[in-house]
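Notebook open, structure on screen.

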Amino acid sequence: LTVLGGVEGQADGWKMTDRFHGFRYSIPTSSATLHSTLLALAQSSSCFGWSQTSSSSTVGEYRCPKSVGLTVQKTLEDEHSAVIKVYEDTKIKLHFSRFKELDEKRITCFKDE
């Protein structure tokens with residue numbers, strides 16, 4: 001029995017959780033160059049997502065190929081003291097086709113589930 005649109009009908013290796021690693025992050029600092037650093041990390045790792053800088057912090061999301069996702073996550077934790085929330089389903093909440101810098105006024109709050 002194949003269930004269309006459900007995980008049960010997908011072959012191993014084709015599920016989103018087999019192919020991607022998605023998470024949000026919060027970095028307790030902000031700077032004019034931090035987005036460029038985060039963008040370079042995304043581009044060099046074939047990730048997409050976004051960052052948003054306020055006067056006191058930088059928040060955002062990454063969705064990366066599974067093969068590099070944990071490395072990107074660890075880089076943010078080690079080099080930027082990021083606090084990470086991994087999405088078990090890998091789906092980031094704000095989805096862009098490239099890594100984007102969001103305006104400080106855009107509402108990006110999330111409920112923890």
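This is a predicted model: local features need pLDDT of at least 70, side-chain atom pairs count only at pLDDT 80 or more; totals for chains, interfaces and linings use all residues.

Before the sheet, a term: two strands count as paired if DSSP finds at least two bridges between them.

**Sheet.** I followed the pairing and got five strands in an open sheet, in the order β4-β1-β3-β2-β5, with mixed pairing. β4 (83-87) and β5 (99-102) are at the edges with a single partner strand each, so one side of each has no neighbour in the sheet. On average, neighbouring strands here are turned by 20° against each other, direction ignored.

**β1 and β4.** I checked this pair: β1 (residues 20-27) runs antiparallel to β4, over five bridges. Ser 26 sits opposite Val 83 of β4.

**Helix α3.** Next I looked at α3, which lies across β1, β3 (58-65) and β4, at about 10° to β1.

**Which side faces in?** I listed the buried residues of α3: Gly 69, Val 72, Gln 73, Leu 76 and His 80. They cover an arc of only 100° around the axis, so they are on the same side of α3. Those buried residues pack against β1, α2 (34-45), β3 and β4. On the other side I found exposed ones: Ser 67, Leu 70, Thr 71, Asp 78 and Glu 79.

**Gln 73.** How buried is Gln 73? Its relative accessible area is 11%, and buried means under 20%, so Gln 73 counts as buried. Leaving aside neighbours within four places in sequence, Gln 73 is in contact with His 21, Phe 23, Ile 84 and Val 86.

**After the helix.** Ser 81 follows α3, and its phi is positive, near 55°.

Key: Residues are numbered from 1 along each chain as its sequence is written. Side-chain values use heavy atoms; hydrogens and water are left out. Buried means under 20% relative accessible area, exposed over 50%, partly exposed in between (1.4 Å probe, protein chains only). Contact means heavy atoms within 4.5 Å. Helices (H or I, at least four residues) and strands (E, at least two) are DSSP runs, numbered from the N terminus. Axes are lines fitted to C-alpha atoms, for helices over the stretch in contact, and angles run from 0 to 180 degrees between N-to-C directions. The arc is that of the directions from the helix axis to the C-beta atoms.
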